[in-house]
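Subject: Structure for you to look at

Hello,

Here is the structure I said I would pass on. Please open it and keep it beside you while you read the notes below.

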Amino acid sequence: MNSKKKDNNDKLTKDEISRYTRTFWKVLIGIILLGFLFIFCVGVGLFGKLPTFRDLENPKSNLASEVISDDGKVLGTYYVQNRSKVSYEQLSPHLVQALIATEDKRFYRHSGIDYRRTFTIIFYNLIGNRQGASTITQQLALNLFSEGRARNTGKRIIQKFQEWITAVRLERNYTKEEMITMYFNTVDFGAYNTFGIKSAARTYFNTTPDKLDIPQAAILVGMLKGPSMYSPVRYPQRSIRRRNLVIESMRKAGYITREESLELQKKPLVLDMNISEYGDGLAPYFRAVLKREIQREFKELSITKADGSPWDLDRDGLKIYTTINSKMQAYAEAAQKEWMTTVQASFDKQWKNRDPFRGEKAKLLETGMKRSDRYRMLKQAGKTDAEIKKDFDTPVPMTIFTWDGDKDTVMTPMDSIRYNKLILRNSFMSMEPHTGYVRAWVGGINFEHYKYDQVKTGTRQVGSTAKPFTYAVAIDNGYSPCFKVPNEPITVGTGPNAWSPRGDNSAGSPITLRTALAHSQNYATAYMIDEVGATPVAALTKRMGVTSDVPEFPSIALGAYEASVYDMVGAYSAFVNHGVWVEPTYILRIEDKNGMPIYEKAPRVSKVLNSQTAYIMVDMLKSVVASGSGGRIRWRYGLNNPIGGKTGTTNDNADAWFIGITPELVSGVWTGAEDRGISFDRMAEGQGAQAALPVFALYMQKVYADTTLNYTQGDFPLPEGGLTKELDCSKYEEFRPSEEPQLDDRLGF
């Protein structure tokens, strides 16, 4: 009886049940309301800023800017993260299938959040089987709009809700294909500064994303779970196991058959590593100069983004279209390497048993030491001169440049300065004279070791390549190339300003201007600048695009000033282009990551020389190759088409030059050591015809052999209206030294 009474007392009354029910629903509704409130707070950015609509339309990611050649090849990139964009059409179908099969099987059926998968994963995690629940869209949200996965549990929970909200917004703004593309463009592949699928395909398989086969695609998709853990380089066996898991997932998703899966899983791991460094690829010197030029141009012209912030070439994914032709650039670099290997061997032989740094030349080593990064760091560390000297005399491991490849060795820093000062440098540029388009640019011999550009940034004494400017002034003032001038020692000017040029062993009878230029005669050239004056020669030189200082002294006739290869090639182009100077141009246009143009280059053009004078100069420059100092172009290299040019050699053979002209290309070469105090001791090896000309000749051989470039071997066209001067010197009356030249002899009537 008592027991029954107790049972009755344990039963809940209707009021109690009603009260408990109300409390349950209040708690549940409260939790739901708190959940909605929490989500609302996350949505309005109370726990951290969420991307705006504009951010969703223009997601930020560190995209590498690409430097693109005239023929559509990527010459190289500027980047903080080595990341380049691809479109959906540029993705291999195997990549898309591998990603969906492995990361998000219901990708095409959910709207950013896969609720079924989320609750399933919660259950798995509760029983200790940890799995990820993020959809591809959520992972994309994390990649685009966060600083990475939070490690703190509380922050990660908040971040997860932020991902959900952002994922839903992404789904509303983009198609599935666009999100797949964005995902592949933003993923991090870990090592080697590799970001995005384009960079990864190039780094690990030396290919493009559209050409990836199933095993390659599976390797890269497999790495997304942990780029370091599943690295095919560091952990190949682990990478293969992960690859095979991805392949099996593709089978389960119905993308491949069981037989295909089994066969593919048996394949070995085959990598073709192509690790990208800033200096890798074609035209590294050009790309370095180009970057500085773009930054300067954007600043001067106030070219900014829509919000007024400056463009960042390392992060904004610009497309920089240039005039460089990738084939011609490769030919130029190959020609340089081919000849400079030979020249360097000859130079090394000259100094093998001699000390080039004796006496006053020892200062070159001291200067080199004080210019080095090591010296500056030691100075900043407070080291004394004695301590610094001891450091520079202490052997250390280092890598040095050789034409056979980099060499690991042990030497003192001072010996490395000595070694590098005996390495000959070379630069080359080739451009089309009529368009101004620069087709090849080789600023030095090895960008990794010697970063200083010698095409545009550096200037060197030009020597006899300056002589055509004096002859052009003479021709423009009525002189004929057949006019004969004395070829004997001469002093120009009087008193302290008197100048007596060095001559050579060929002094003697009077010679024509054509012969004087062809054989690079100093006395005859000095005579002509005395006739026409240094001021108009300097003025013409400047009009033809030489931007360095050209003093109004008679010695400029023999090149006693410095200029860049870039300026000299541009100047000679005016001869070929009938007296019209077109600014050497290497930027065509620049587009943002979406293909919108933000900059276009319009080259400056000016008429600097009479058309007939320009053509006559071309004809005289052809004589340099036909019968003068550039003759080895014919007899050694077999280039028999119309070619002209001018050799140049400065005092003590410190600088060797050759500027070559054809109807469609003008190219310039310079060769010399880092310091002018180090040079060949014999003109036979150090003159422009020997140390510089062969690079031009080898380059032209390769260009003409490539019929896809469409450079003809026709002759230089006559100026409009033809010629009024006779260029055949055999039709002139012979000038006798005992007689004064008559007006008709001088003018060529």
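Start with strand S1 and strand S2 (residues 74–78), which pair in the antiparallel sense over 4 bridges. Before going further, note that this is a predicted model.

Within that pairing, Ile68 has Val74 of S2 as its bridge partner. The hairpin of S1 and S2 has 5 residues between the strands, and Gly72 in this hairpin takes a positive phi near 85°. S1 also pairs with strand S5 (residues 319–322), here in the parallel sense and over 3 bridges. In that pairing Val67 stands opposite Ile320 of S5. Which way do the side chains of S1 (residues 65–68) point? Ser65 and Val67 point one way, Glu66 and Ile68 point the other way, and all of them are buried.

The protein as a whole

There are 29 helices and 20 strands in the protein. Of its 749 residues, 51% are buried. Take the contacts between residues at least 6 apart in sequence: 69% of these join residues at least 24 apart. The accessible surface comes to about 36,300 Å², and carbon and sulfur atoms account for 52% of that.

Helix H19

Helix H19 covers residues 467–476. Is H19 mostly buried or exposed? Because 9 of its 10 residues are buried, H19 is largely enclosed by the rest of the structure. The buried residues include Phe469, Tyr471, Val473 and Ile475, and Lys467 is also one of them. What do they pack against? The buried residues of H19 pack against helix H20 (513–518), helix H21 (522–532), helix H22 (534–543), H23, helix H24 (611–627) and strand S18 (644–649). After H19 comes Gly478, which has a positive phi near 105°.

Two single residues

Gly579 sits in the loop between helix H23 (565–576) and strand S14 (580–582). Gly579 counts as buried because its relative accessibility is 0%, and the cut-off for buried is under 20%. Setting aside neighbours within four places in sequence, Gly579 is in contact with Ala574, Ser606, Lys607, Val608, Leu609 and Ala614. Gly579 and Gln612 are 33 residues apart along the chain, and their C-alpha atoms are separated by 8.2 Å.

Met414 belongs to helix H18 (residues 413–421). Met414 has a relative accessible area of 16%, so this residue is buried as well. Which residues does Met414 touch, not counting those up to four places away in sequence? They are Leu365, Met369, Phe392 and Asp393. Of these, Phe392 is 22 residues from Met414 in sequence, while the C-alpha to C-alpha distance between the two is 5.3 Å.

The cavity

How many cavities of 30 Å³ or more are there? The count comes to 1. The largest cavity has a volume of about 60 Å³. Its lining has 13 residues, and Leu424, Asn653, Thr671, Gly672 and Phe680 lie nearest the centre. By type, the lining of the largest cavity divides into 8 nonpolar residues, 5 polar and no charged.

Regards

Note on methods:
Residues numbered from 1 in each chain as written. Predicted model: local features only at pLDDT ≥ 70, side-chain atom pairs only at ≥ 80, totals over all residues. Heavy atoms only, no water. 1 Å grid on protein atoms, 1.4 Å probe; cavity = no way out; pocket = protein on both sides within 12 Å on 5 of 7 lines; lining within 4 Å. Points joined across faces, edges and corners; volume = space filled by probe spheres on them. Nonpolar A, V, L, I, M, F, W, Y, C, P; charged D, E, K, R; others polar. Buried < 20%, exposed > 50% of the residue type's maximum accessible area, 1.4 Å probe, protein only. Helix = DSSP H or I, 4+ residues; strand = E, 2+ residues; numbered from the N terminus. Pairing = 2+ DSSP bridges. Contact = heavy atoms within 4.5 Å. Areas by Shrake-Rupley, 256 points an atom, 1.4 Å probe, with all protein chains shown as cover.
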